[in-house]
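Student: I've got a structure open and I'd like to learn how to read it. Can we go through some features together?

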Amino acid sequence: MIEAARETPGEVAGGMAIAPAAPARATAGPEIAKRDAFASEAWRAMLALTLGGAAPARMHTVCQATDLTPAALKVLLVLSDGPRPMRELVETFRHDPSYLTSVVDLLERRGVARREPHPTDRRAKTVALTDEGREVLAQAQKLLAVPPPSMRVLSPAEQRQLLGLLMRVLDVEPGIPEAMRPRIPDSD
């Protein structure tokens, strides 16, 4: 049996910073405890789908197709919202600065990103997507968006409902790049 890692505030899960868990309330009523129990199990289900199931194999396939590492692909997704200072990327991913430098080096060698002078701080650099980077990112997003066969257990109406619920959660979740956010498809 795999035991879940215990993370403290500020630690990182899968390369992304996680928010500290809300402290348990001693005075919480049964309704709040029940709601939190369902939220906890829903969260576990989302983790199971993203950390297990088809997601890891899909990420591997996308990384092979784009000649990027998972960390490099995540940086590209963040850069899709515009150039970012190196310092901000370090804070976003909470990686060691030298590791993030090596990821950006890889992106530059691959031709999908470039370092540029910071607009207001001559000592700092920003990282921006190149035209090639936008093309690679579009290819990666297209491959990532293909749903696994397991989604077919839901009817089209249930799929719409699930998307709506997840979008409500995403709306209050800070720091998710626009390139990672779902869109409501046209309903023809």
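Tutor: Let's start with handedness: a crossing is left-handed if the near helix is turned anticlockwise from the far one by less than a right angle, and right-handed if clockwise. Helices (H or I, at least four residues) are DSSP runs, numbered from the N terminus. This is a predicted model, where local features need pLDDT of at least 70, side-chain atom pairs count only at pLDDT 80 or more, and totals for chains, interfaces and linings use all residues. Residues are numbered from 1 along each chain as its sequence is written, and side-chain values use heavy atoms, leaving out hydrogens and water.

Student: Which hand does the crossing of helix 3 and helix 4 have?

Tutor: Right-handed. Contact means heavy atoms within 4.5 Å; here Lys-74, Val-75, Val-78 and Leu-79 of helix 3 meet Leu-89, Thr-92 and Phe-93 of helix 4.

Student: Where is Arg-181, and is Arg-181 buried or exposed?

Tutor: Buried means under 20% relative accessible area, exposed over 50%, partly exposed in between (1.4 Å probe, protein chains only). Arg-181 sits in the segment after helix 7 (156-171), and counts as buried because its relative accessibility is 19%.

Student: What does the side chain of Arg-181 reach at 2.9 Å?

Tutor: The backbone oxygen of Leu-170. That side chain also reaches the backbone oxygen of Glu-173, at 3.0 Å.

Student: What is the average pLDDT of the chain?

Tutor: pLDDT is the predictor's confidence in each residue, from 0 to 100. The chain averages 83, but pLDDT stays under 50 over residues 1-24. Where pLDDT is low, the predicted coordinates should not be read in detail.

Note on methods. Helices (H or I, at least four residues) and strands (E, at least two) are DSSP runs, numbered from the N terminus. A polar contact is a pair of N or O atoms within 3.5 Å; within protein, one must be able to donate a hydrogen and the other to accept it, and residues adjacent in sequence count only if both atoms are side-chain atoms.
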